[in-house]
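Welcome, and get your viewer ready. We will go from one selection to the next and look at what is there.

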Amino acid sequence: MDLSALSYQKFVHFALEETQRRTTLAPLPSQEKFRSIKAKDDKTMLHGLSFSAPKIRLLRSLTIEGSEAVKVLDFAAFSKPEFDLPIFCANFFLNASLSIVVLDLNPLYDVTIRSDYKDKYYIKLMSLGQKYAEVSKILKLKLPILPLTFLNYTCQICSFTFLSKTIQLLPWGGKVTSESLRFFSPIVIWSMLSSKKYKHDILYSAFMDYFQTWLELMDQAVEETDALKILRNREAQHKYLTWRAEKDPGHPILKRLIGEKLAKDLLRNFLFEGVDTLGTRTFLDYFPEYRCKDGSINQRRSIIGKSYETRPWDAKGEFIGSEPG
């Protein structure tokens, strides 16, 4: 697949323009440090942007482009702790053979446990997830031509039949570990396809729909005044950041492109900024099951060893994945 003509820049431009239509964005100091980084291959460029707004603690994007070998978009938006909004998450990876997509409004609280949070934010959005999971397409088929004689004249007619075919635009991408699932919502798009089946326009449409939905939730959000609830929101966001900073699947790519030291700096002080300031609990405080005998963190992504081969929510948002495979 020729990647040279593809770019995720229009995704970023759309998101920033839509956000600026609704609120005022202010650049964050981290933007200057990570605005432009040249990879060790002298071909690939990493471009970072980061902002805050009255209701947004961090809105940031990272694109990896310039090389024909790989294209990456990592875009996220985190509300301030005074709001319990889901976290907008768009992680797209594309190379010559493979396309990986994660697009979601990541829940601040585990929706397999917190039905109140699921009902508050996701029940009304289930049609959004279904929109890109599968589409029914009407097909018109022409049947064989049949001769017909009328008043000594012979003419030919054909008939048509209409069939409905279900097409999966962004089908479920296979196994998701139970550890990762707690950070996914019932409307998550998780897809892994051959690059030959990659559809840039469909992904762009999905990105626009999901981000506009998040902005609408932001517009409707009412600031919390209860100090205990604000504290819980801050801790929930810190737990999410702590998981992502430690277990983010993009870390090996960043390490290869820019080296371990700068990759760690990018993860903790840009992509998941707040992991060192929103709370003091460590990864093992939140996820003690990952503790090795020597006190270090187990590098495996899954300790429980369970995963979900198919979407574990039904069309109504009910969790049906009690028996992971």
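Contact here means heavy atoms within 4.5 Å. This is a predicted model, in which local features need pLDDT of at least 70, side-chain atom pairs count only at pLDDT 80 or more, and totals for chains, interfaces and linings use all residues. Residues are numbered from 1 along each chain as its sequence is written, and side-chain values use heavy atoms, with hydrogens and water left out.

**Stop one: the whole chain**

Select the protein chain, which holds 10 helices and 14 strands; helices (H or I, at least four residues) and strands (E, at least two) are DSSP runs, numbered from the N terminus. Of its 325 residues, 50% are buried, where buried means under 20% relative accessible area, exposed over 50% and partly exposed in between (1.4 Å probe, protein chains only). Taking contacts between residues at least 6 apart in sequence, 65% join residues at least 24 apart.

**Stop two: alanine 245**

Now pick alanine 245, in helix H7 (residues 227-247). Is this residue buried or exposed? Alanine 245 has 9% relative accessibility, so it counts as buried. Show its surroundings next: beyond the neighbours within four places in sequence, alanine 245 is in contact with Leu267, Arg268, Phe272 and Val275. Then draw a C-alpha to C-alpha distance from alanine 245 to lysine 264: they lie 8.4 Å apart in space and 19 residues apart in sequence.

**Stop three: glutamine 31**

Move to helix H2 (residues 30-34), where you will find glutamine 31. Its relative accessible area is 4%, so glutamine 31 is buried. Which residues does glutamine 31 touch, not counting those up to four places away in sequence? Highlight Gly48, Leu49, Ser50 and Phe51 to see them.

**Stop four: H1 and H6**

Finally, select helix H1 (residues 9-22) and helix H6 (residues 200-220), whose axes come within 10 Å and cross at roughly 20 degrees. Axes are lines fitted to C-alpha atoms, for helices over the stretch in contact, and angles run from 0 to 180 degrees between N-to-C directions. Because angles under 35 degrees count as roughly parallel (over 145 as roughly antiparallel, 65 to 115 as roughly perpendicular, the rest as oblique), H1 and H6 are roughly parallel to each other. Show side chains where the helices meet: Phe11, Phe14 and Ala15 are among the H1 residues there, and the H6 residues include Leu203, Phe207 and Phe211.
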